[in-house]
Amino acid sequence: MEDEERICISSCADWMSEMPAGLWDVPLWNLAIPGSHDTMTFCLDEQSSVLQSELKVVRVLDTLFPCIVRPCIIKWATTQEDSICNQLDLGIRFFDLRIAHKIKDPDEVFYFAHGIYSLLTVQEALTEVVHWLDQHTKEVVIIALSAFDGVNLDQHQDLIQFLIRAFGNKICPSYVTPSVRECWNHSYQVILTYDDSAAAGHEQLWPKCDYWWANTSDPNRVISYLEERKEEGRPAGFFAAGLNLTEDARYVVSHPCQSLRGMTLSSYSPLLNWVKQQRPGSGKTCLNIICADFVGVFSNEFAQLVIGLNQKLLKEKA
């Protein structure tokens, strides 16, 4: 790991500003970028009801037995332990934000969701991101907004206008080919991808970021799936390869004492070993964003490994 660690100088909080000059002109979609899957699940609200988009049987059980259903959902829906600012300090630069609106709330109030709603609102969380970016002016983040549970067309426009106001001149327009040098020259720090047709006509919003998801609890199958996707060829722009494991009802029932955290940590070693073998770049089998659950575990090994992959681009240029 010695060569790879040189990219992550002193602190991963400023790894982009500390990148070697040989990487300053590489488009961000050709760099290796660490990301967090379901970024905001560290603050799920055990007092909230389940989402309206959940299966009817889950919603009925939540009505009858909330003290049983909600803790179970949190145990299996929590994919991160660190706050969004802590994730930024860890070097995470891609954030997977699943947006939701509660039926009885005002139009302009949005939450995050994964099975149930978050404690923090979108406004609260993204305001924290703005403040962090103000202190780290050479760091660039990619924020992927999706799901939009319970969000209607008018509410989409409210959300889009909030994003534009909140990030202002930090937003990198979708017509730019973003490298860190290009972003630094224009003070761009935020790339917003928006997975809904409501984004049409807004040059501040980028198209959906493709996310490779294996949908399995078996780490070997995750690796096989990602290898198959690599052989099909990478997309032209931003895309994410997900290391995240996914449980199904059978797995949950057969592992009553386990949680997503336990399942994930027991499988981290083969997944990280696979990461070490990857390459960023424009080639057919190269990767861009790599996402994981519980990104801060094992002394932040995940983010350091992904950032270190960019050393391979420097070796290619040598």
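These questions and answers concern strands and surface patches in a predicted model.

Colleague: Is strand β5 largely enclosed or exposed?
Modeller: Strand β5 covers residues 141-149. Eight of its nine residues are buried, where buried means under 20% relative accessible area. The strand is therefore largely enclosed by the rest of the structure.

Colleague: Which residue of β6 stands opposite Ala144?
Modeller: β5 is joined to strand β6 (residues 190-194) by five bridges, and the two run parallel. β5 also pairs with β2 in the parallel sense, over six bridges. In that pairing Asp96 stands opposite Ala144 of β5. In β6, the residue opposite Ala144 is Thr193.

Colleague: Does Ile68 count as buried or exposed?
Modeller: Ile68 belongs to the nonpolar patch and lies in helix α3 (residues 66-77). Its relative accessible area is 56%, and the cut-off for exposed is over 50%. Ile68 therefore counts as exposed.

Colleague: What does Asp107 count as at 39% relative accessibility?
Modeller: Asp107 sits in the loop between β2 (94-100) and β3 (111-114). Together with Glu108, Asp154 and Asp158, Asp107 forms a negative surface patch. Buried means under 20% and exposed over 50%, so at 39% Asp107 counts as partly exposed.

Notes: Residues numbered from 1 in each chain as written. Predicted model: local features only at pLDDT ≥ 70, side-chain atom pairs only at ≥ 80, totals over all residues. Heavy atoms only, no water. Patch = residues over 30% accessible without salt bridge, like charges linked within 9 Å, V, L, I, M, F, W, Y side chains within 5 Å. Areas by Shrake-Rupley, 256 points an atom, 1.4 Å probe, with all protein chains shown as cover. Salt bridge = Lys/Arg side-chain N within 4 Å of Asp/Glu carboxyl O. Lys, Arg positive; Asp, Glu negative; His and termini not counted. Charge placed at Lys NZ, Arg CZ, Asp CG, Glu CD. Helix = DSSP H or I, 4+ residues; strand = E, 2+ residues; numbered from the N terminus. Buried < 20%, exposed > 50% of the residue type's maximum accessible area, 1.4 Å probe, protein only. Pairing = 2+ DSSP bridges.
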